[in-house]
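Open your viewer and keep the selection tool handy. We will go from stop to stop, picking residues and seeing what surrounds them.

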Amino acid sequence: MKKPVNQVKLEFLSRSVNESFARASAACFAAQLDPTLDELNDFKTAVSEAVTNAIVHAYPEELGRVSMRLRLFADGLVEVQVRDWGVGIPDIPKARTPLYTTGGEERSGMGFTIMESFTDGVRVRSTPGKGTTVTLTKRIARRAQEGAV
């Protein structure tokens with residue numbers, strides 16, 4: 001992959017209130033690519049799902065840390081990597097199955113499905129007992145500059 005033109009890394013505790021912080025931070029960072037509102041909303045939704053998964057599933061009994069690395073590329077690609085050092089996912093294909101959840105009755109089991117629907121790519125790496133990394137990519141369409149011919 002090419003070198004990013006800009007990047008940022010954030011780290012926060014796995015408190016549910018930090019999901020909105022992560023979502024807003026990701027949106028502000030991606031705004032550099034001048035996305036449409038639909039593109040930005042799709043990206044925010046996917047980031048929200050990835051961060052919520054880390055908060056809810058990685059640390060079911062304790063607080064832990066979550067990191068979010070965002071990178072922008074010259075070709076309009078934005079990438080976000082959400083990482084935790086929690087319990088990990090023993091069966092990634094099963095976890096990516098719609099309606100499957102380990103989060104209890106109040107969870108829909110649609111997190112990965114939503115991430116896949118609102119981005120161009122989702123990669124998941126996980127080691128049980130060591131944590132999970134979810135990488136999302138979204139291409140932001142280039143819009144014609146005002147006054148361009």
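Start by selecting Val51, which touches Phe12, Glu19, Ala22, Met68 and Val82, leaving out residues up to four places away in sequence; contact here means heavy atoms within 4.5 Å. A word on what you are viewing: this is a predicted model, where local features need pLDDT of at least 70 and side-chain atom pairs count only at pLDDT 80 or more, while totals for chains, interfaces and linings use all residues. Residues are numbered from 1 along each chain as its sequence is written, and side-chain values use heavy atoms, with hydrogens and water left out.

Now widen the selection to the core. Val51 is among the residues with the most contacts inside the largest nonpolar core, alongside Phe43, Met68, Val80, Val82, Val134 and Leu136, and this core has 34 residues. Helix α2 (residues 37–58) gives the largest share of it, nine residues. A nonpolar core is a set of buried Ala, Val, Leu, Ile, Met, Phe, Trp, Tyr and Cys residues joined through side-chain atoms within 4.5 Å. Buried means under 20% relative accessible area, exposed over 50% and partly exposed in between, using a 1.4 Å probe and protein chains only. Helices (H or I, at least four residues) and strands (E, at least two) are DSSP runs, numbered from the N terminus.

Next, show α1 and α2 together. They pack at an angle of about 145°, with their axes 9 Å apart; the axes are lines fitted to C-alpha atoms over the stretch in contact, and angles run from 0 to 180 degrees between N-to-C directions. The contact includes Glu19, Ala22 and Arg23 of α1, and Phe43, Lys44 and Val51 of α2.

Stay in helix α2 and pick Lys44. Which side chain of opposite charge is nearest to Lys44? That is Glu19, 9.5 Å away, and Lys44 is buried yet has no salt bridge (a side-chain nitrogen of Lys or Arg within 4 Å of a carboxyl oxygen of Asp or Glu). Lys44 does touch Arg23 and Ala27, not counting residues up to four places away in sequence.

Move to Asp34, in the loop between α1 (18–30) and α2. Its phi is near 55°, a positive value in a residue other than glycine. Asp34 counts as partly exposed because its relative accessibility is 46%.

Finish at Pro128, in the loop between β4 (121–127) and β5 (131–139). Beyond its neighbours within four places in sequence, Pro128 contacts Val87, Gly88, Ile89 and Pro90.

Terms used. Lys and Arg count as positive and Asp and Glu as negative; His and the chain ends are not counted.
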